[in-house]
Amino acid sequence: MNRLMKHREVWLALAILLVIVMVTLRFSRFSQPSNLLTIFNDTSILMMLALGQMAVILTRSIDLSMASNLALTGMVVAMINAAFPQVPIPLLMALSLVVGAGLGAFNGVLVWRLNIPPIVVTLGTLTIFRGLVFVISGGAWVNAAQMSPDFIGLQRVIFLGLPVLSWFAIVTAVLFYILMTRTPLGRSLYAIGVNPTASVYTGIDVGKTKFLAFTIAGAVAGLCGYLWISRYVIASVEVAGGYELTIIAACVIGGVSIAGGIGTVPGVLLGAIFLGVINNALPVINISPFWQMAISGSAILLAVVLNARGEASKGRIILKKAEAA
Amino acid sequence: MTDTAATGRQLPDRLDNPLKSAVLSWESLLVLVAVVIFIVNSFASPYFLNAWSLSDLTFNFTEKALIALAMALLIISGEIDLSVAAIISLASTLMGLALQYGADTPVLVLVGIGAGLACGAVNGALVTKLKLPSIVVTIGTMSLFRGISFIILGDQSFKGYPKSFAWFGQGYVGWVISFELVLFLVCAVIYWVLLHRTNFGRRVFAIGNNDVAARFSGVRVDRIKFILFCLTGLMSGVAAVLLTARLGSTRPSIAEGWELEAITMVVLGGVSILGGAGSIIGVVLAALIMGLVTFGLGLLNVPGIVMSIFIGGLLIVVIALPILFRMWRQRA
Amino acid sequence: MTDPILTLTGISKSFPGVKALNEVSLELYPGQVTALIGENGAGKSTLVKTLTGIYQPDAGEIRVGGEIVSLPTAHSASAVGITAIHQETVLFDEMTVAENIYLGHAPTNRFGMIDWRTMRAEAKETLDSMAAGIDPDIKLKELGIAKKHLVAVARALSIDARVVIMDEPTAALSQKEIEELYVLIELLKEDGKAILFISHKFDEIYRIADRFTVFRDGEQVGKGLIKDTSQSEIVQLMVGRPVEGIFPARHADIGEVVLQAKGLSHPTEFDDISFSVRKGEILGFYGLVGAGRSEVMQAVFGMTQTSSGTLELSGQTITPKSAADAVEAGIVYVPEERGKQGVITGEPIFKNVSLPSLGKTSKSGFLRMAEEFALARTYTERLDLRASSLSQNVSTLSGGNQQKVVIAKWLATEPKVIILDEPTKGIDIGSKAAVHEFMAELVAQGLSVIMVSSELPEVIGMSDRIVVMREGRMVDTIENNNLKPETLVRLAAGIVEEQAA
Amino acid sequence: QTRIALVVKSLGNGFFDAANKGAQEAAAELGDVEVIYTGPTSATAEAQIEVINSLIAQQVDAIAISANDPDALVPALQKAMERGIKVISWDSGVAPEGRQLHLNPSETNLIGETIIKLAADYLPDGGDVAILSAASTATNQNAWIDAAKAALPEKFANINLVAVVYGDDDSVKSTDEAKGLIASYPDLKAIIAPTTVGVVAAAQVVTDQDLIGKVNVTGLALPSEFKQFIDNGASQAVALWNPIDLGYSAVMLANDLVEGAEAGPGATLSMGRMGELTLDDTASGAMAAPFTFDASNIEEFSKIY
Ligand SMILES: Nc1ncnc2c1ncn2[C@@H]1O[C@H](COP(=O)(O)OP(=O)(O)OP(=O)(O)O)[C@@H](O)[C@H]1O
Ligand SMILES: Nc1ncnc2c1ncn2[C@@H]1O[C@H](COP(=O)(O)OP(=O)(O)OP(=O)(O)O)[C@@H](O)[C@H]1O
Ligand SMILES: [Mg+2]
Ligand SMILES: [Mg+2]
């Protein structure tokens with residue numbers, strides 16, 4: 001038990017539970033399984049995006065362009081669907097992965113080959129990608145009526161009791177878990193964040209690994225582009241505007257260190273769910289929506305403070321050793 | 001050992017000619033870019049070369065550029081503040097609140113600037129006292145500050161600011177020279193002196209290069225970083241006064257997205273996002289370039305979002321060019 | 001004579017402004033230890049990095065077992081059987097010991113997934129074979145610096161290599177661990193591996209090396225068999241002039257107490273430390289690596305806060321809350337980690353030197369460059385700094401010269417007490433003598449010096465009195481009169497009581 | 001040649017694209033008129049001011065604006081008027097001192113009453129309804145909601161308005177708010193969204209949660225964007241004025257001012273084929289009554305706008 005409490009994931013899970021219990025006290029239907037599953041489903045896209053962002057942050061980088069990538073890829077597939085409704089949805093989904101990965105790879109190449117700091121690169125592509133949404137669409141929206149029923153309906157199909165959207169999140173989470181713990185690439189992501197110099201000495205190609213991290217994040221953002229558009233049934237320039245910071249917030253709450261090298265898949269999932277629960281709970285317990293922003297801001301600050309406290313106990317502790325001996 | 005001086009082995013101050021390095025500097029690249037854009041603009045639109053047009057142009061960037069001045073120092077010291085736009089919102093809201101209690105112009109200005117300063121102090125305290133990374137702290141306070149505005153204002157807006165207050169955002173000092181522009185130029189000079197000609201500025205660079213070594217060299221790192229956050233908050237407060245005066249009203253959603261624009265100015269101005277390098281002249285030039293690009297394209301009725309492609313592209317290209325040039329020279 | 005396993009010919013490597021290696025050659029023979037000797041900045045580590053695929057040589061060829069190889073990455077180096085323990089510990093704090101050993105060449109199952117179980121088992125086996133006593137499952141950050149070095153050794157051994165390179169492997173190890181390393185090296189020799197051993201310590205070179213190669217300023221200036229060559233010959237090759245290894249005679253008048261510490265304690269790092277240092281005195285601090293001496297000194301310097309105890313400077317109680325406070329009071333500290341804590345590598349020499357003295361060179365807060373250059377010139381010339389100009393970037397200086405910049409920076413503040421933490425760590429023999437001579441001069445001028453050092457000859461040769469620390473506590477303070485080195489070692493290692501009993 | 005700028009809240013909005021159609025139609029009808037269709041990409045006042053500044057620099061003859069903020073644009077528009085540019089607002093208004101006249105798409109009270117009536121018509125026994133609005137600062141939405149609240153007690157006694165929430169014309173926020181309403185008010189019978197983004201979001205939520213037939217979504221919607229929800233039954237009927245007519249009338253009015261007509265309380269100006277506009281004492285006037293779309297006519301109108 002004591003060992004368990006050392007993990008911040010446990011604390012985060014408890015915090016989420018606490019929020020759920022408190023909301024339930026005021027509004028009993030909140031904790032019904034069906035409502036909780038709805039919240040999970042609502043948070044699916046954020047979870048996936050945060051996992052992609054985590055891969056990047058682990059390498060001491062940051063991707064500010066994910067939301068713009070999502071908007072651009074979403075617009076591309078929505079326009080294709082509107083123009084050629086007969087194109088099968090799986091093909092469109094594959095396309096969204098490819099387009100997203102391509103945009104991510106563009107970030108990655110600039111970071112890898114030109115050594116431009118990631119925050120600068122993605123600050124640039126943040127505006128470029130979103131501008132391109134306008135350019136390709138001429139500013140016009142693609143609305144529900146123009147999308148094919150399959151395009152909209154796929155993620156809403158219930159499979160084994162859960163909507164397909166939730167399954168996307170679950171499968172992504174499992175894949176990321178395997179990637180992060182069991183593959184050389186995943187371990188390299190961590191290694192680069194913990195000690196970039198040492199990574200070079202162990203034969204890791206730091207630049208290329210960062211490139212792959214950006215590509216992975218891009219692919220996730222692209223897929224989420226399709227999911228987002230078909231979920232909110234509108235593709236416009238404004239889609240997911242400002243969402244890049246929410247994604248980073250989910251990572252931070254989930255215990256990913258902005259300095260790289262630290263972070264787990266379960267932590268990030270919980271971080272996203274925490275934000276999802278808060279967002280769902282506020283309207284339900286009749287807290288004015290105007291409080292929402294301040295509350296999530298405070299939650300982020302609280303999370304960083306707790307994170308820092310957790311990491312602070314790093315000292316060398318010469319004396320204790322002396323006492324124990 | 002004392003006799004080494006006698007051997008007369010004098011270390012020169014510097015080897016390369018300062019003039020030569022000035023010509024090859026980032027700033028001269030920016031001047032070139034600015035001139036080219038200016039010329040292109042004057043050919044592209046018949047309305048560009050007009051005193052009033054050029055004066056209106058400055059309103060597009062002065063407020064953001066005021067923040068960028070302080071942000072430049074902060075980024076040089078290795079920190080960042082993403083909450084500046086939220087500070088504008090909160091400062092403006094508090095000014096509106098003061099207005100409801102009958103405050104007159106001087107008090108309003110003090111409230112705006114004071115609120116900015118206080119928000120900056122909160123950021124500074126969180127970063128320096130609790131040793132937290134500034135990027136996440138300010139993502140948090142960004143929601144918090146704007147969130148407080150929303151709590152205070154809800155769906156309302158404050159309006160009815162006095163005429164004398166409006167002058168700060170709409171007034172002209174003489175002919176087409178606006179108060180905002182004059183204030184910006186004065187602040188630019190002040191920040192230039194502060195960064196490049198004082199002990200404080202020297203220490204800011206040292207901290208940005210290596211804050212551990214700076215601390216070990218007796219630099220009060222935390223105090224300086226705290227001051228820099230306060231300065232950034234203060235300038236956001238000043239920008240809040242100007243913007244509120246220019247709009248004549250306050251909504252919680254005011255100045256949304258400005259943080260990234262201010263940071264773009266700083267980075268385009270040649271300040272290293274990793275800290276330790278940069279200049280105020282570069283930032284002023286970058287602000288001017290962004291103003292020229294957006295206004296020039298605006299005259300052609302190009303939608304703002306397309307302008308942002310140019311800005312984003314400019315950011316990457318201007319930073320990539322010297323790197324590509326160096327790589328090309330090394331290969332040759 | 002057997003053929004060499006590894007042959008280098010005509011290797012050159014330049015960095016902007018420095019020719020680190022100029023057409024050097026080197027041969028390594030199976031079952032033999034070759035010592036690579038040279039002053040700081042001679043290019044030893046650069047050679048190691050070109051051999052391990054981290055740097056690409058500008059010219060020259062590398063042959064392994066007679067065949068020309070190219071080493072574009074660290075992987076390709078281990079693939080041809082070259083492994084190295086680098087000078088800096090290049091490990092991962094947040095990862096487990098097992099993963100630190102196997103990162104980059106972890107065993108995988110048939111799906112390409114990392115096989116954690118095999119990895120842990122193999123790591124345990126390697127560590128046990130070294131008698132390291134390290135649990136492969138704990139995170140690296142929980143280990144002390146010496147154990148970390150052992151992990152680095154285990155990592156090098158986990159690669160089945162023909163050539164093992166060790167770049168100053170003993171710099172951070174205590175005597176006991178050094179002995180264990182020697183045993184390990186013997187085993188590797190018996191295995192027929194070729195070993196390249198880099199060290200500044202002649203005693204260990206004479207103890208374990210069979211051959212030597214000497215570098216000077218990036219060039220190979222000599223090589224031969226250790227048993228045929230005397231130490232002074234090697235030193236002569238190394239510095240290009242004879243160096244006498246005698247510590248300077250001092251003529252300082254020891255005066256009244258300047259700094260007095262009473263009962264300094266810290267919750268986790270040290271407890272009840274009391275000492276005093278007098279005008280014109282050198283107070284030595286001896287202990288094994290990790291004894292907590294640096295922590296005490298950093299507390300005196302205001303970098304960390306003590307939980308109890310008092311500090312008196314010239315009879316007045318001071319409580320430095322930051323380094324700035326300490327500098328103002330007249331206490332300065334030359335840190336151990338030069339690159340990280342000592343110099344600001346991105347900035348030129350004169351800015352480094354003037355940084356703590358800006359109050360003096362400036363006028364009401366505004367910079368005066370001329371004054372800064374004058375100040376920097378005065379002090380760097382006193383220390384005989386080797387640089388091309390005062391605007392040269394500190395990062396382009398060699399380690400010894402960087403150290404001089406740090407000392408110049410502090411002398412410019414005209415301090416009362418100067419604390420030197422491992423002032424000659426990793427510094428070559430020539431610069432070392434200069435630093436020692438300079439310390440003697442400082443005390444002659446009436447300064448008080450505290451010198452933290454892990455090198456016995458240095459401590460005994462330079463100090464007036466010696467404080468010995470062990471595991472965060474003060475063991476004893478001894479006058480340096482005909483002190484036997486063994487006495488100090490026993491005190492530091494904690495075997496005094498046993499002897500008495 | 002007369003140059004009239006049609007400034008909209010944000011580009012890319014189908015409603016405003018339709019208004020532009022009408023504006024171009026007016027320009028063609030007038031002959032020597034060029035319409036500059038412009039606006040920011042994000043619906044903020046600051047961005048709109050930059051657009052206005054560039055129009056001032058281009059010395060256009062008139063600006064017809066649908067404002068993102070009634071007050072914040074006033075100084076910029078006053079500057080435009082000082083430089084001799086005619087300024088009118090349409091759709092979403094500007095405070096009187098910032099424009100010469102305002103064209104309301106319809107009469108505020110009429111709209112307020114219509115949005116409630118759309119819900120009440122399908123609730124013979126009355127019940128709980130809630131409003132999902134755009135931004136909390138949106139002038140026109142707030143005016144309609146006030147009018148609706150005023151009409152409730154007398155004309156729709158059995159309708160119970162339980163909440164007003166704001167989706168900021170953002171599809172995600174609107175979706176969340178709609179879900180919040182459904183979760184908090186189990187007896188909710190109708191969601192009224194007097195904004196085209198909100199109404200689509202609410203209808204999608206109702207469709208997703210299988211509440212078709214239980215919760216009726218209504219409000220103001222563009223037929224082309226909303227057709228499917230009339231088709232699937234998530235909504236019985238929605239209303240809107242014709243944006244084409246609105247854009248057409250705005251350009252006609254602006255042109256009238258350029259040609260020397262005076263705006264002021266009581267003045268009457270021409271709106272071409274839409275007839276005449278008589279200004280009230282705040283110098284604003286209404287174009288026409290809102291038009292209701294239901295299953296009988298949605299097919300036809302969805303092809304137009
Ligand atoms: N990455 C680099 N960039 C620029 N110069 C470098 C770099 N690495 C090494 N140098 C320079 O190359 C020269 C050789 O350095 P190297 O580290 O090989 O010396 P060394 O013999 O290992 O010295 P030490 O005994 O201090 O470890 C030095 O002048 C050093 O400053
Ligand atoms: N476990 C560790 N992890 C990382 N660094 C360590 C560890 N242990 C010691 N070090 C580093 O090694 C150096 C020596 O440790 P410390 O300063 O506590 O002991 P000391 O008695 O002063 O030893 P030294 O003789 O090296 O000065 C310090 O710079 C410290 O940062
Ligand atoms: Mg070396
Ligand atoms: Mg030490």
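Me: What stands opposite G284(C) in β18(C)?
Reply: M451(C) does. This is a predicted model.

Me: What makes β13 and β18 of chain C a pair, and in which sense do they run?
Reply: Pairing asks for at least two bridges. Strand β13 (residues 282–286) and strand β18 (residues 448–453) of chain C are joined by five, so they count as paired. They run parallel.

Me: Which helices pack on the sheet that holds these strands?
Reply: Helix α15 (residues 399–411) of chain C touches β16 and β17 (417–421) of chain C. Its direction makes about 175 degrees with that of β16(C). Helix α16 (residues 429–444) of chain C touches β13, β17 and β18 of chain C. The direction of α16(C) makes about 150 degrees with that of β18(C).

Me: In what order do the six strands of this open sheet of chain C stand?
Reply: The order is β16-β17-β18-β13-β19-β20, and the pairing is mixed.

Me: Why are β16 and β20 of chain C placed at the edges?
Reply: β16 (331–334) and β20 (473–479) of chain C each have a single partner strand, so one side of each lacks a neighbour in the sheet. The twist averages 20 degrees from one strand to the next.

Me: Which order and sense does the open sheet of four strands in chain C have?
Reply: The order is β2-β1-β4-β5 and the pairing is antiparallel. β2 (18–28) and β5 (67–69) of chain C are the edge strands, since each has a single partner and so has one side without a neighbour in the sheet. Here the twist averages 30 degrees from one strand to the next.

Me: How do you know that β1 and β2 of chain C pair?
Reply: Count the bridges. Strand β1 (residues 6–15) of chain C and β2(C) have seven, in the antiparallel sense. The rule needs at least two, so the pair qualifies. T7(C), for one, stands opposite E27(C) in β2(C).

Me: Which strands does helix α1 of chain C lie across?
Reply: Helix α1 (residues 44–51) lies across β1, β2 and β4 (59–64) of chain C. It runs at about 65 degrees to β2(C).

Me: What makes the link of E372(C) and R202(B) a salt bridge?
Reply: The N to O distance between their side chains is 2.5 Å. The cut-off is 4 Å from a nitrogen of Lys or Arg to a carboxyl oxygen of Asp or Glu, so this pair qualifies. The count between chain B and chain C is three salt bridges.

Me: What else describes the contact of chain B and chain C?
Reply: There are 10 residue pairs in polar contact, both residues at pLDDT 80 or more. On the chain B side, α10 (179–197), α11 (199–209) and α12 (211–216) are the elements that give two or more residues. α11(B) gives the most, with six residues. The contact takes 30 residues from chain B and 51 residues from chain C. About 3,400 Å² is buried, 55% of it on carbon and sulfur atoms. Of the five pairs of chains in contact, chains B and C share the most contacts.

Me: How many salt bridges and polar contacts lie between chain B and chain A?
Reply: The count is zero salt bridges. One residue pair is in polar contact, both residues at pLDDT 80 or more. The elements of chain B that give two or more residues to this side are α8 (134–153), α14 (258–268) and α16 (304–331). α8(B) gives the most, with 14 residues. In total, 41 residues of chain B are in contact with 37 residues of chain A. The buried area is about 3,300 Å², with 90% from carbon and sulfur atoms.

Me: What makes R83(D) and D56(B) a salt bridge?
Reply: Their side chains meet at 3.2 Å, N to O. Over all chains the count comes to 43 salt bridges.

Me: How do you know that chain C and chain D do not touch?
Reply: Contact requires heavy atoms within 4.5 Å. The nearest C-alpha atoms of chain C and chain D are 38 Å apart, and the two chains do not touch.

Me: Where in chain C does pLDDT stay under 50?
Reply: Over residues 496–501. The model has four contacts beyond four places in sequence for that stretch. The mean pLDDT of chain C is 85, and 95% of its residues reach 70 or more. For chain D the mean is 86, and 100% of its residues reach 70 or more. The predictor gives the complex an ipTM of 0.83 and a pTM of 0.86.

Conventions:
Residues are numbered from 1 along each chain as its sequence is written. Chains are lettered from A and ligands numbered from 1 in the order in which they are written. Side-chain values use heavy atoms; hydrogens and water are left out. Axes are lines fitted to C-alpha atoms, for helices over the stretch in contact, and angles run from 0 to 180 degrees between N-to-C directions. pLDDT is the predictor's confidence in each residue, from 0 to 100. Buried area is the accessible area (1.4 Å probe) that two parts lose on being put together, summed over both. A polar contact is a pair of N or O atoms within 3.5 Å; within protein, one must be able to donate a hydrogen and the other to accept it, and residues adjacent in sequence count only if both atoms are side-chain atoms.
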